[in-house]
Amino acid sequence: MNTLITNKPWYRERWLWLVLAPLFFVFFVCSILITAAIKYGDDVVTDDYYKEGRLVNHHFAAETAAVDLGVEVELILNKVDSRFELQLNQPLSSDDTIKLELSHPVESDFDLFYVLKRKSLRGYYADLNSLPEGRWYVRIEGSSPESNELNWRLSSEVDFNQTSKLSLQ
């Protein structure tokens, strides 16, 4: 009986590649997923969550203070002049500072912070570099400069594609 046995090099064996191909594929896909996770990490959770958690009661007190003081705000996105205009229902102390924070729902890199300038007894404004579009979380805070303590805060959500006016109370 004549049997012909040919010795092929190891890399020419079909069974070797059938075993190794799925392992190479998994390694390739995992490296892509790990690279994407590192490069495009989720930034919805704040880094200082412990500090934020401790300040929750302070923020609730600021929102309650806004209700107690009867603070009502109308925020208008003036697209012609590229500015935010804020109108209060009652005048504040001339020393009070009003801050406007626009938080993007997904990317914290897009968050915008403004310190509003007084233009009248009840009116404030902030000039914009670019007009915000889409959905944003809006937070308006009033604080006194001598103590740098938060006096009141109003917050809401707005979609600037649908409206350019927001009323907060």
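**The open sheet and its surroundings**

Reply: β5 and β6, which covers residues 123–127, are antiparallel partners joined by two bridges. This is a predicted model.

Now take in the whole sheet. It is open and has five strands, in the order β5-β6-β2-β1-β9, with antiparallel pairing. β5 (117–118) and β9 (165–168) are the edge strands; each has a single partner strand, so one side of each has no neighbour in the sheet.

Next, look at a loop. The loop between β1 (73–78) and β2 (83–88) holds Ser82. Ser82 is not a glycine, yet its phi is positive, at about 55°. Most residues other than glycine have a negative phi.

Ser143 belongs to strand β7, residues 135–144. Its relative accessibility is 7%, so Ser143 counts as buried; the cut-off is under 20%. Leaving aside residues up to four places away in sequence, Ser143 touches Asp96, Thr97, Lys99, Glu149, Leu150 and Asn151.

Last comes a helix. Helix α1 takes in residues 14–39. Its 26 residues, at 1.5 Å a residue, should span 38 Å; the end C-alpha atoms are 37 Å apart, which agrees. Still, α1 bends by about 30° at Leu20. A proline, Pro22, follows within four residues.

Conventions: Residues numbered from 1 in each chain as written. Predicted model: local features only at pLDDT ≥ 70, side-chain atom pairs only at ≥ 80, totals over all residues. Heavy atoms only, no water. Pairing = 2+ DSSP bridges. Expected span 1.5 Å × (residues − 1). Bend = angle between axes of the 7 residues up to and from the residue. Buried < 20%, exposed > 50% of the residue type's maximum accessible area, 1.4 Å probe, protein only. Contact = heavy atoms within 4.5 Å.
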